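Trainee: I'm new to this one and would like a close look at a single part of it. Could you pick up the biggest nonpolar core and walk me through what surrounds it?

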Amino acid sequence: MTQPPLQPAPGQEPSAAPAPSVCLQQITKSFGSTYAVNNVSLEIQQGEFFSLLGPSGCGKTTLLRMLAGFESPDRGRILIDGADMTRVPPYERPVNMMFQSYALFPHMSVADNIAFGLKQASMTRQLRTERVQEMMELVQISALARRKPHQLSGGQRQRVALARALARHPRILLLDEPLGALDRKLREKTQFELVNIQQRLGTTFIVVTHDQEEAMTMSSRIALMREGQIEQLDAPRRLYEFPATRYAASFIGSINLFEARVLRQNGDEITLASSDTDSELQARCSEKMLPGMRLTLAVRPEKIHLLADGELGPNRVRGRIKEIAYLGGVSMYHAELPGGKRLQFSQSNVLALAEQPLRPEQDVVLSWQPDSCTVLTE
Amino acid sequence: MNIPTLRRPVSGRRLIIGLPWLWLGLFFLLPFLFVLKLSLSESVLAQPPYLGLIREFQDGMLVLAINLGNYQLLLDDSLYLKALLSSLQIAAISTLLTLLLGYPMAYAIARSPRHWRLPLMMLIILPFWTSFLIRVYAWIGILKNNGLINQVLMGLGLIDSPLEILHTPVAVYIGIVYSYLPFMVLPLYATLVRLDVTLLEAAADLGCRPWKQFLRITLPLSMPGVLAGAMLVFIPVMGEFVIPDLLGGPETLMLGKLMWTEFFSNKDWPLASALAAVLLVVLIIPFMLLRHYEQRSQEPAA
Amino acid sequence: MNRRSVLLLTVLLFGYAFLYGPILSLIVYSFNESRLVTVWGGFSTKWYGELLHNEQILGAAWLSIKIAAINACAAVVLGTLAALALVRYRRFRGRASLEVLVTAPMVLPDVIIGLSLLLLFVSMEALIGWPAGRGQSTITLAHITCSMAYVTVVVRSRLAHMDQSLEEAALDLGARPLTVFFAITLPIIAPALAAGWLLAFTLSMDDLVLASFVSGPGSTTLPMVVYSSVRLGVSPQINALASLIVVLVSSAVAIAGVLLYRQEKRQA
C-alpha cells in the first residue's frame, strides 16, 4: 500500500535482513550545561507505532526534533533506512512531521497546505491534485478543501496537519503531542483513527506524548524516557505488567510499592519480608537473589482482591478502608495496613448498587497472586 | 524557552547578517569617525572648508596636525556651555511635560475597552505620519501675535494686547511636547497594557484605595515604559533643530541650532564637528538606558 | 472609580484636541482669502490654484517623491534582512553591535547624523571620486540609512510573533530555506513590510535636516522649500500644501489601517 518514497534513501546498502526504519546510536544532545538527551540508542522497525513517553523535560521532544532534522546531536548517529542522516537537513529526509501546534500555513487553503510538500517534490499538477484528493479522503476532510486554517475547528486543523504530513507518503511520520489540544471524546475517537491509518499505510509512526493512556492505547512499543535517557523500552503490556524500575512502575497507572528484603528463594519463587506488613510476601523473580538483599515489590491495584472471612490466599494482608473514590466503572479503595502503610486496590463495580459495597473504617483482608506482582531492584 | 537556530546554508546566513551590518557600518558608524577626525582639524576658507590631519609625509616622517583648538573654544567660550546646559534644561523639562500629558493618555487608552484601543492608538500615531515640519509650522500660525490664540483671547476680551508666545521658550516647549507626544505614549501604552489587572484587584481586595494602588503598584511596574518614553524624547530633543529654530527666539540656545549655525552660517565645519562629538558623548548614557530597557522588554515575560 | 474615569476621559480628549487642533487650523486657514493667513478675510481656494502652478514646490515635491520611493524600497530590503538576522539567529559575531547600529539612527539627533554623513561623502569624493557632487543620490543614501532602522523595528516585531514551526513545517515538507522564506515567511510578514515601506516613505518625505546637510545644488527637497519659505513667516500656499499633505496621508493611513485590521481578523 505504501508507495515508494519520493526521494530514494541515499546510500542504502543492500542487506539480507531489512534495516530498521530508524536507528539511533548513542545520541547525545545538550543545551548549555544540561543534557537534554544522554546517550540514547534504540531501533524502530518499519511499520511500528512507536511512542516516546515521559514528563516534560525528559528529552523526548528533542529526540523527535533530531529525527526530523531540526536539531543535530552533539554525538551519535541517526540512521534512517540504513542511511546515515545525522547531518542531513530536514528537507532532504524521508521523514515528515506533524507539529503540536499543527503549523498550518495561514495564507493557504487546506488543499494548498496539503499540496505544499508535493510541490516541493516537483510533482505534476495532475498527480498533485490526485494525491491531495486521496489524502483528504483518508482523513475525511474533503469538504474543507477551499477553507483557510482560521476557518477550521481544532479537530479539523489536526486532520489537515496529518494529511499534509502524509501527503508525500513518508516512510516515517513523526507526531509531536498529536492529541494534546483535543478534548477527551475527540481524543479517544482520534486515537483509533490514527492507529487505523497507520496500519493501512504501513508507515512507521513515532509519537511523542506525555499522556500514558494515549501511549498505551496506540503504540506497539513505548520508550519511557526520564531525564534524557530511556528508562524502559517495551510493548505496552509488558511495560505495565512488568515495569523494570520504580520510576516506570509509578509513571504508568497506579502502583503499590513495598520496601522488602529477601528471605529465601526457591527457583523463581521468592519470599520477602517487609516492614509494612507482618505477612510474608511471595513473588516471582528469575534473577538470583541472596537473602537479606533489599528489593521493591510492586503490585497494581487491580491485581489485589478481597478474601472472605477465614479464606486463605498468598500475600494475605489485613487493612482498614480509609478512602473510597468512585469512578463509575471501578472504585478505588485505600486501605491502611497495621504498620500505617496505605494500599490501593480497585474493584470493578460489577453490580449496579446505590451504595458502595465497602465502607470506610471497614476491615478487609486482601490478597494477590505471586505471579501478579513484580520485583524491582532499582 | 530555547529556540534552536534553523540551519541554513552558511553563505545565506552571512548575507543576511552581513549586508545590513556593512551598510550601517559604512553609512552610520564610519561617518562618526569622520566627525571625530574633523573635530581635530582646522577651519579654512576653501572647499571643503577644512585642512586634513596629515600635513606632510617626507623621508619617512609623518607630520600630523591635531587641532585641539575647537574643543578649547568649546570650553572657553561660555556660549557653548550655556547651550549645553540650556539644551539639557529644555530637553529635561519638555520630557517631563510630555510625560505629564502622555502618561494619563496612555493609561486611559490602556484601560479602555479592548476593541477601542487600536483605533485610539491609531489616532495618536496618525499626526506622526503627517509632516513634522508642517505641524510645527501650524503652531506658528497659532502662537503668533495675530495668530489664533491671540485673536480668540482678544476677541473674548480677556486680554488687551497680544501675548508674546511665539519666539519664546514657551513656544518651544509647546512645539516639543506636541511633536514628541506619540514617542512617549507608545512605549507607555505598551507597558501599561501588559499590566496585570488582577494585581490591582488583589490590592483592592486587601483594602488598598485606588490612588494608593496607582502609586504602589501601577506606577512602579510601568517604570520601564516611563524610562523608554523619556529616553525616546530626551535624546532626540537634545539635538533638536527645527523647533527651536522656527518657534524659539534668539535667546533659545540649543545645541542642534548652534551646530546648524556653525555649519551653515559660519561655515566652521571643524567646530560643528567638535560640537557634534560632545553631544554624542553626552547622549551615550541615556542611549545605554534605552538599550537596557529594550533588551529587557524583549526577554520573555517574567 | 467613576470620577477617575471622567478625569481620564477629559485628559484624553484634551490630548486629542491638542494633537489635532493645529492640523485643523492649518486646513481652515488654507481657505482664507487673506494673505495674512491667520486673519480671516473670507473663503477662497485660490491658494490651492497658486500652489499647483508653483514650479519650485512642484519640482521639489517630485524630487522628494522619487527619493522617498527609492529609499523605501531599499530600506525594506535592508531592514528586513536585519530583522531576520536579529530574530532568527540567536548568536553571531557582531550581534550586539548590529542591535546598536539598528537602534541608533532612530534616536540620535538628525543634525549629528547629517553632519557625519556629509563628512563621509566629502571624504569619499576626495578619495575615490564618488559621489561626484551631492544631490539626489546622497540624500537617498542618507535616508535609507535612517529608514532601515524603523523598518527593522516593525518587521522584527512581526517576525518575532510568527510561529516558527511554520517555517520548520515547510522545511520538513521538502522546501529549501530560500523557498521557505519566499513561500511562507514573506507572505506572513507582508503587512509589516508594507507598514515599513510606508513608514520609510513618510520619513523620507518629511526629512529636513539630513537633506539640508547632504544635498547639493539643484537638489532641493520639498521640506527644504517649505522650510525656507516658513522661515520668513506664514504663507498661505504652505497652508494649502500642508492641507493637501494631511488629507493625503490621513486617507492613506486610514485605508492601510482598515486593510490591516481586516487581515488581522482573518488570520486570527
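Mentor: Happy to. Keep in mind that this is a predicted model. The largest nonpolar core has 163 residues, and the ones touching the most other members are B:Ala106, B:Tyr137, B:Trp139, B:Met259, C:Leu115 and C:Ala200. So which element gives this core its largest share? That's helix α3 of chain C, residues 55–88, with 17 residues in the core. Chain B is in there too: domain 1 (18–67) and domain 2 (79–298) of chain B each supply at least three residues.

Let's zoom in on C:Leu115, one of the residues that touch the most other core members. Leave out its neighbours within four places in sequence, and C:Leu115 is in contact with B:Val35, B:Met259, B:Phe263, B:Ala272, B:Ser273, B:Ala276 and C:Phe213. B:Met259 turns up on that contact list, and B:Met259 is also named among the residues touching the most other members of the core.

Now step back to how chains B and C meet. The contact takes in 78 residues of chain B and 72 residues of chain C. On the chain B side, helix α1 (residues 10–39) brings the largest share, 18 residues. What classes of residue make up that side of chain B? You'll find 59 nonpolar, 11 polar and 8 charged residues there.

Domain 1 covers 18–67 and domain 2 covers 79–298. Their centres, taken over C-alpha atoms, are separated by 35 Å. Where they touch, domain 1 of chain B gives 10 residues and domain 2 of chain B gives 9 residues. Sorted by class, the domain 1 side has 5 nonpolar, 4 polar and 1 charged residues.

And chain A? Apart from it lies another core, of 101 residues, and its members include A:Ala161, A:Leu224, A:Ala283 and A:Ile304. Chain A itself has 8 helices and 20 strands, and 39% of its 378 residues count as buried. The C-alpha trace of chain A spans about 80 × 50 × 40 Å along its principal axes. Take the chain A contacts between residues at least 6 apart in sequence: 65% of them join residues at least 24 apart.

If you want one spot to start from, go back to C:Leu115 and trace its contacts with B:Phe263 and C:Phe213, among others.

Key:
Residues are numbered from 1 along each chain as its sequence is written. Chains are lettered from A and ligands numbered from 1 in the order in which they are written. This is a predicted model: local features need pLDDT of at least 70, side-chain atom pairs count only at pLDDT 80 or more; totals for chains, interfaces and linings use all residues. Helices (H or I, at least four residues) and strands (E, at least two) are DSSP runs, numbered from the N terminus. A residue is buried if 20 or more other C-beta atoms lie within 10 Å of its own, exposed if 12 or fewer, and partly exposed in between; C-beta atoms are placed from the backbone. Two residues are in contact if their C-beta atoms, placed from the backbone, lie within 7 Å. Domain bounds come from an automatic or database domain assignment. Ala, Val, Leu, Ile, Met, Phe, Trp, Tyr, Cys and Pro count as nonpolar, Asp, Glu, Lys and Arg as charged, and the others, Gly among them, as polar. A nonpolar core is a set of buried Ala, Val, Leu, Ile, Met, Phe, Trp, Tyr and Cys residues joined through C-beta atoms within 7 Å.
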